[in-house]
Amino acid sequence: MPKRILQGTVVSDKNDKTVVVRVERRFTHPLFKKTVRSTKKYKAHDESNACKVGDRVLIQESRPISKDKNWVVVTDGQPA
């Protein structure tokens with residue numbers, strides 16, 4: 001089964017080798033038919049401590065690294 005990849009914005013880099021990434025999801029409300037924005041925060045493993053607050057990054061699902069860290073930073077979201 002392929003691993004999920006999400007794009008989000010780094011909101012915290014205070015922990016060592018860990019960043020908190022806010023991922024926004026947009027969907028249409030089933031009853032009111034209005035577009036709704038929903039956000040969720042994920043802790044992701046950043047081995048080199050390269051990510052800073054405000055960076056757009058891609059995170060990929062991985063094995064559990066700690067109690068609440070199951071994602072790894074793949075690359076920054078900017079095109080190379």
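Colleague: What is the accessible surface of the chain, and how much belongs to carbon and sulfur atoms?
Modeller: The accessible surface is about 6,100 Å². Carbon and sulfur atoms hold 51% of that. Areas come from the Shrake-Rupley method with a 1.4 Å probe; for residues, only the protein chains shown count as cover.

Colleague: What kind of model is this?
Modeller: This is a predicted model, where local features need pLDDT of at least 70, side-chain atom pairs count only at pLDDT 80 or more, and totals for chains, interfaces and linings use all residues. Residues are numbered from 1 along each chain as its sequence is written, and side-chain values use heavy atoms, with hydrogens and water left out.

Colleague: What makes the pattern β-β-β-β-β?
Modeller: The chain has five strands and zero helices. Both are DSSP runs, numbered from the N terminus: helices are H or I, at least four residues, and strands are E, at least two. Read along the sequence, that gives β-β-β-β-β.

Colleague: Why is G8 called buried?
Modeller: Buried means under 20% relative accessible area, exposed over 50%, and partly exposed in between (1.4 Å probe, protein chains only). G8 has 1%, so G8 is buried. G8 lies in strand 1.

Colleague: What does G8 touch, beyond its neighbours within four places in sequence?
Modeller: G8 is in contact with V21, R22, V23, D55, R56 and V57. Contact means heavy atoms within 4.5 Å.

Colleague: Why is N15 called partly exposed?
Modeller: The relative accessible area of N15 is 39%, so the label is partly exposed. N15 sits in the loop between strand 1 (5–12) and strand 2. N15 and N49 are 34 residues apart in sequence, yet 9.2 Å apart in space, C-alpha to C-alpha.

Colleague: What makes a set of residues a nonpolar core?
Modeller: The members must be buried Ala, Val, Leu, Ile, Met, Phe, Trp, Tyr and Cys residues, joined through side-chain atoms within 4.5 Å. The largest such core here has 11 residues, including V10, C51, I59 and W71. Strand 2 (18–28), strand 3 (35–45), strand 4 (56–66) and strand 5 (69–76) each supply at least two. Strand 2 gives the largest share, three residues.

Colleague: Which residues does I59 contact, leaving aside neighbours within four places in sequence?
Modeller: Among them are V21, V23, Y42, A44, W71 and V73. I59 also contacts R4, I5 and L6.

Colleague: Why might nonpolar side chains gather like this?
Modeller: In soluble globular proteins, nonpolar side chains tend to be buried together.
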